[in-house]
Amino acid sequence: MIKKATVLLLASALLLSACGKNNDSEKNASESNSTNVTKPSTAEPSKDKPADQTTATNETTEPPQQDPPTEESTKDAVIEKKYHMNKVYNIVPNDEGTAKKVVLLTFDDGPKKAEMINSLIDTLDKHHAKAIFFVNGYRVKENPDLLKLIHDRDQIIGNHSWDHISLRKEPEAKVKKQIEDVQNIVKDTIGETPVFFRPPFGEGGDVGKKIAKENGLLYMTWSNGSLDWTLKSKGTDNPNKVISNVLDQLHAGSNILMHELPWTVEALDTLLTKLEGKGYSFVDPRSIELEMR
């Protein structure tokens with residue numbers, strides 16, 4: 001009986017031991033699984049996002065913003081071609097509704113002096129006006145910085161031949177050189193070639209027109225002459241005479257010829273004010289088509 005009781009006690013002890021080990025295994029397994037459960041975050045919401053905003057790992061990322069076009073890349077594109085030049089060199093609107101009472105401002109025979117150029121452009125800026133500065137090649141060669149000055153101040157450069165000679169009776173090879181040498185020196189100086197050509201004295205002839213067209217230049221003379229270049233020899237170099245000469249010839253689309261001269265510089269502000277008072281505005285040369293109609 002004693003032996004049988006001993007055996008029963010040993011068997012009970014072994015059974016209890018086995019149950020204990022199984023309970024420990026289940027507990028460990030339960031604890032192990034619990035470590036893989038994501039617990040709610042107790043961190044404070046970001047100040048940059050609403051508290052309920054979450055980040056989706058598969059969210060489509062917006063493309064990076066492109067830099068806006070530079071002024072250089074859009075300069076020509078944003079200026080609509082609203083005008084053209086007719087056979088008598090007036091500026092004419094392309095479409096109904098475009099202002100007809102406009103004038104084109106031009107200055108020939110430069111560049112000469114920084115003081116006069118700056119004064120002219122200061123006045124143009126005051127009136128929100130653009131002009132064509134028709135330059136001679138020999139003057140650009142002598143004063144390349146003056147050409148850069150005109151360009152840097154956002155005015156337009158035109159071709160006025162190299163030597164300021166009448167081209168009408170010159171052989172084609174000479175006319176070609178007079179025009180193309182200016183194209184080249186302007187390109188070398190400011191990185192752009194002119195698109196407007198005015199022959200000295202208005203005397204380009206058929207050959208001058210042909211060479212200008214071959215070089216992508218719009219050929220023009222003028223339709224309103226200030227006669228400022230004649231005043232010194234007549235002893236009438238009075239700014240008021242420049243103004244009266246222009247106003248006496250004024251008409252819609254006037255292509256006004258002036259020069260880089262002291263009395264013209266002095267006259268310009270009053271002249272532009274009077275033109276505005278008569279309802280005229282100043283056409284941007286870059287808005288003119290390069291084909292004559």
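Helices (H or I, at least four residues) and strands (E, at least two) are DSSP runs, numbered from the N terminus. I worked on a predicted model, in which local features need pLDDT of at least 70, side-chain atom pairs count only at pLDDT 80 or more, and totals for chains, interfaces and linings use all residues. Residues are numbered from 1 along each chain as its sequence is written, and side-chain values use heavy atoms, with hydrogens and water left out.

**Entry 1: Pro 111**

I looked up Pro 111 and found it in the loop between strand 3 (102-110) and helix 3. The peptide bond that joins Gly 110 to Pro 111 is cis, with omega about -5°. I noted for background that most residues other than glycine have a negative phi, and most peptide bonds are trans.

**Entry 2: Leu 147**

I went on to Leu 147, which lies in helix 5 (residues 144-152). Is Leu 147 buried or exposed? Its relative accessibility is 0%, so Leu 147 counts as buried (buried means under 20% relative accessible area, exposed over 50%, partly exposed in between, with a 1.4 Å probe and protein chains only).

I then listed what Leu 147 touches, leaving out residues up to four places away in sequence: Pro 111, Val 135, Val 140, Ile 157, Val 186, Thr 189 and Ile 190. Contact here means heavy atoms within 4.5 Å. For Ile 157, 10 residues from Leu 147 along the chain, I recorded a C-alpha separation of 8.1 Å.

**Entry 3: the sides of helix 5**

Which residues of helix 5 are buried? I found Leu 146, Leu 147, Leu 149 and Ile 150. They cover an arc of only 155° around the axis, so they sit on the same side of helix 5 (the arc is that of the directions from the helix axis to the C-beta atoms). These buried residues pack against helix 3 (114-126), strand 4 (131-135), helix 4 (137-142), strand 5 (156-159) and helix 6. On the face turned away from the buried side I noted the exposed residues Asp 145 and Asp 152. Just after helix 5, Asp 154 takes a positive phi of about 65°.

**Entry 4: helix 5 and helix 6**

I checked how helix 5 meets helix 6 (residues 172-190): their axes come within 10 Å and cross at roughly 70°. That makes helix 5 roughly perpendicular to helix 6. Axes are lines fitted to C-alpha atoms, for helices over the stretch in contact, and angles run from 0 to 180 degrees between N-to-C directions. Angles under 35 degrees count as roughly parallel, over 145 as roughly antiparallel, 65 to 115 as roughly perpendicular and the rest as oblique.

From helix 5, Pro 144, Leu 147, Lys 148 and His 151 meet Val 186, Thr 189 and Ile 190 in helix 6.

**Entry 5: Tyr 89 and the rings**

I counted four aromatic pairs in the structure. In one, the ring centres of Tyr 89 and Tyr 219 are 6.4 Å apart and the planes stand at 45°, so the pair is tilted. Rings of Phe, Tyr and Trp (its six-membered ring) pair if their centres lie within 6.5 Å; planes under 30 degrees apart count as stacked, over 60 as edge-to-face and the rest as tilted.

Tyr 89 is buried at 13% relative accessible area, and Tyr 219 is buried at 7%. Ring pairs link Tyr 89, Phe 197 and Tyr 219 into a cluster. I also noted that Tyr 89 has a positive phi, near 70°.
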